[in-house]
Amino acid sequence: QQQQQQQHQQQLLQLQQQLHQPPAQLPAEVRLQQHPGFTQSICPTPFALGPVCARGERELPNWRTCPSSAELLGAYSNMMADTAHYMFNVLASCREVRGHLRLLSAADGCSDDTQPDMQAKRVPSSVMLAHALALTNGVWQDQQTRVHIYGGDVRNYVSPWWEQQRLPWNLPPWIEHRFVALDNTQDFVQQLFSTSQCKADMLFDVVLVRQGLCFCDDPSKISPWWPSEVLVSAAQPSSVCGTYILETHLFEGRPAYRMGHCVLQWCTARVEWAVQDVAGGTWAFARGDVGHPVLARGPWAVWNSTDHVNDASFACNLAQPSSPPPWQRPPNGRICCCGITGDSLSLLGILRRVASVLDTRNKDSFGLLHGAWTNGTRTEVDQLHQQIEEAVRLYNEQWRGPHVAAVLWRTAAKEYWLQCDGVVLFQPGSRADPYKAYAGVNYEAYFGSPSSL
């Protein structure tokens, strides 16, 4: 073990020297990509990436005791298989002779399912991906590629790469899975390599931060102030539509609003916001645990004199939608699911940390920071999306490596809180380049020709 540690330290020193070598020592094609003229920052999410950006978490208490891959994945089997297909299409299937595919899943999920909190009841992304590879059909089943999957989370414990981890499943021999301790707010290289959690010469072909840029935190739940009015509207005129006025007392710990005989209030037992008649009965309701009715995403189920039916046009909004709600926080007061605050500098930091462990020798290596959804009113969501765009702009201007960044924008989504699919890091012109789906980008217009360098 002492020899292994000494060798590991030497390899770590070499790796750090490679990561920090000055641009003049890099090949011309890499220096071409480093030029700070790349300002293209938003790309419509390509069709192939759409399924990879699907949203959802597998909630399964005591997931380590699952006897089979099928039971562990449940309804998320296809979602994770789509991710595996995309990775192999980009990284492995194009090679005549395949070797190793190395993936780091950051903000992965807690490896200890005995913890009492809700997060521990959700299956880590790395575990789902390993079981999807084992269960589903794909080019990987020819076993020509050895897949190394590392699941990183801040609550995992540190163990050196040569120590065997006990996992309750028998995965195929070509799949290697390990958990690593990883704090997304700290330097990745230092955490993974100086603690010997990874071999010093190992960099990653893919860094996946699944739902990492999801801002599902809800400041309205703890706000002591609320809008004095809300507006309920629908495509078809109704007696329940109009301006509702804030009640003087909370109902079940949350604000309530009244218009005539209708009361808009929270129902804890049914986990829904509902427009109820004071004489009895429910005119409309929307399921979802949010702190204020203007954040209810619905669809609202509306009474049509026979039954409650979904009505996409029914909505509850601020009376002045262009004004910020009383609970709106500055971007550095919002925290996404990977533990980063929503200001551009903090987001820039996680982009740099992801890029620092991507294998620049592999032209097709990429990082994906998944966006999932952004909770808030229009002003809140727009503010956070602007910070993400600014972080990408700063990254493209300042970063000295071959990977550039682009915001993935789901143009088919009508709901403003679902439009940001996240950020992808890629090398221009590679198979991971999202712009290639749209006839590419004229990179010479940004960077000049290699001969000019």
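**View 1. Helix α7 and its buried residues.** In this predicted model, the buried residues of α7 are Ser 344, Leu 347, Leu 348, Gly 349, Ile 350, Leu 351, Arg 353, Val 354, Ala 355 and Ser 356. That makes ten of the 13 residues in α7, so the helix is mostly covered, where buried means under 20% relative accessible area.

**View 2. Glu 380 in helix α8.** Glu 380 belongs to α8, which covers residues 378-398. Is Glu 380 buried or exposed? With a relative accessible area of 3%, Glu 380 is buried. Its side chain makes a polar contact of 3.2 Å with the side chain of Trp 327. Beyond four places in sequence, Glu 380 also touches Leu 295, Pro 325, Gln 328 and Arg 334.

**View 3. Ile 388, also in helix α8.** Staying in α8, we come to Ile 388, which is buried at 3% relative accessibility. Which residues does Ile 388 touch, apart from those up to four places away in sequence? They are Phe 215, Leu 347, Val 407, Cys 420 and Val 423. Leu 347 is also one of the buried residues of α7. As for Val 423, it is 35 residues from Ile 388 along the chain, yet their C-alpha atoms are separated by 8.3 Å.

View 4. Strand β3 (residues 146-153) pairs with β4 in the parallel sense over seven bridges, and Tyr 150 has Arg 178 in β4 as its bridge partner.

View 5. The largest nonpolar core has 46 residues, and Leu 72, Leu 133, Ile 149, Phe 366 and Leu 368 have the most contacts inside it. Helix α4 (residues 77-91) gives the most to this core, with eight residues. Leaving aside neighbours within four places in sequence, Leu 133 is in contact with Ala 84, Phe 88, Trp 140, Gln 141, Val 147, Ile 149, Trp 174 and Ile 175. A second, separate core of 41 residues includes Val 207, Leu 369, Leu 384 and Ile 388.

**View 6. The nine-stranded sheet.** Here the pairing is antiparallel and the sheet is open, in the order β13-β12-β11-β10-β9-β8-β7-β6-β14. Why is one side of β13 (308-311) and of β14 (315-318) left without a neighbour in the sheet? Both strands stand at the edges, each with a single partner strand. Neighbouring strands of this sheet are turned by 30 degrees against each other on average, direction ignored. Strands β9 (residues 262-267) and β10 (residues 272-277) pair in the antiparallel sense over six bridges, with Val 263 opposite Gln 276 in β10.

Definitions and conventions:
Residues are numbered from 1 along each chain as its sequence is written. This is a predicted model: local features need pLDDT of at least 70, side-chain atom pairs count only at pLDDT 80 or more; totals for chains, interfaces and linings use all residues. Side-chain values use heavy atoms; hydrogens and water are left out. Helices (H or I, at least four residues) and strands (E, at least two) are DSSP runs, numbered from the N terminus. Buried means under 20% relative accessible area, exposed over 50%, partly exposed in between (1.4 Å probe, protein chains only). A polar contact is a pair of N or O atoms within 3.5 Å; within protein, one must be able to donate a hydrogen and the other to accept it, and residues adjacent in sequence count only if both atoms are side-chain atoms. Contact means heavy atoms within 4.5 Å. Two strands pair if DSSP finds at least two bridges between them. A nonpolar core is a set of buried Ala, Val, Leu, Ile, Met, Phe, Trp, Tyr and Cys residues joined through side-chain atoms within 4.5 Å. Axes are lines fitted to C-alpha atoms, for helices over the stretch in contact, and angles run from 0 to 180 degrees between N-to-C directions.
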